[in-house]
Amino acid sequence: MLNELKHQPIFLVGFMGSGKTHWGRQWAGYLHRKFIDLDQLIESIEQLQVGQIFEKNGETWFREKEAITLRSVIDENNILVACGGGTPCFHDNMDFMNETGFTIFLDAAPKFLLANIMRDSFERPLLKNMSEAEMLFFIEKKLVERNVFYSQAKLTMNAEELNEESIKKL
Ligand code: S3P
């Protein structure tokens with residue numbers, strides 16, 4: 001099915017820890033698309049890590065930069081973009097992605113997200129200095145807010161069931 005999208009961009013959305021970067025990179029390879037990780041692109045433009053950008057300029061600045069960067073990537077054809085967890089929830093980004101491309105929501109339960117987040121080594125500014133219990137509470141609360149945006153994706157997939165075979169079937 002994804003092969004039929006021609007050159008339309010594909011956008012992966014979902015909460016932190018849902019596997020957007022991991023699966024996105026594999027998917028892009030399988031579909032012969034260029035893989036773009038939005039956070040990594042912002043980091044390379046700013047020459048700072050996302051955590052440092054939050055510290056230096058604040059979240060509002062980061063969200064503006066994120067929206068601008070998102071709009072700039074679609075100049076390229078045949079891309080698969082892994083968004084940041086908050087991307088769809090600011091600056092009408094979800095509408096923009098739905099208008100210009102094909103959106104896929106990687107859906108997962110809070111405990112699955114937490115386990116993945118704990119396994120990652122990179123810093124997530126929104127979760128800084130939180131205990132495991134606080135993180136779980138935060139994820140549960142934020143998911144309720146964010147599902148309003150995530151659920152507007154054209155396709156929802158269960159992130160907990162993704163594997164190398166299942167992504168090839170799309
Ligand atoms: C964020 C998620 C992060 C990154 C930033 C904010 C969020 O991306 O964009 O730390 O608001 O959920 P990942 O989902 O790739 O961790």
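Which residue just after H2 takes a positive phi? Gln47 does, with a phi of about 55°. The views below come from a predicted model.

**View 1. The two ends of helix H2.** Helix H2 covers residues 38-46. At its start, Asp37 supplies a side-chain oxygen. This oxygen reaches to within 3.3 Å of the backbone nitrogen of Asp39. Just after H2 comes Gln47, the residue with the positive phi.

**View 2. Helix H2 crosses helix H4.** Helix H4 covers residues 59-73. The axes of H2 and H4 come within 10 Å. They cross at roughly 105°. Angles of 65 to 115 degrees count as roughly perpendicular, so H2 is roughly perpendicular to H4.

**View 3. Residues between H2 and H4.** H2 contributes Leu38, Asp39, Leu41, Ile42, Ile45 and Glu46. H4 meets them with Trp61, Phe62, Lys65, Glu66, Thr69, Leu70 and Val73. By class, this contact of H2 with H4 has eight nonpolar residues, one polar residue and four charged residues.

**View 4. Helix H4 packs with helix H5.** Helix H5 covers residues 93-100. The axes of H4 and H5 lie 11 Å apart. The angle between them is about 5°. Angles under 35 degrees count as roughly parallel, and H4 and H5 are therefore roughly parallel to each other. On the H4 side, the contact is made by Ala67, Leu70 and Arg71. On the H5 side, Asn93, Phe96 and Met97 take part. The residues of this contact divide into four nonpolar, one polar and one charged.

**View 5. Residues around the ligand.** The ligand is surrounded by 13 residues. The closest are Lys20, Asp39, Arg63, Gly85 and Arg146.

**View 6. Polar atoms at the ligand.** Arg146 places a polar side-chain atom 2.7 Å from an oxygen atom of the ligand. For Arg124, a polar side-chain atom lies 2.9 Å from a ligand oxygen. Gly85 takes part through its backbone: a polar backbone atom is 2.9 Å from an oxygen atom of the ligand. On its own, the ligand has 390 Å² of accessible area, and the protein covers 95% of this.

Note on methods:
Residues numbered from 1 in each chain as written. Predicted model: local features only at pLDDT ≥ 70, side-chain atom pairs only at ≥ 80, totals over all residues. Heavy atoms only, no water. Axes fitted to C-alpha atoms, helices over the stretch in contact; angles between N-to-C directions. Helix = DSSP H or I, 4+ residues; strand = E, 2+ residues; numbered from the N terminus. Parallel < 35°, antiparallel > 145°, perpendicular 65-115°, else oblique. Contact = heavy atoms within 4.5 Å. Nonpolar A, V, L, I, M, F, W, Y, C, P; charged D, E, K, R; others polar. Near = heavy atom within 4 Å. Polar contact = N/O pair within 3.5 Å; in protein donor to acceptor, adjacent residues only side chain to side chain. Areas by Shrake-Rupley, 256 points an atom, 1.4 Å probe, with all protein chains shown as cover.
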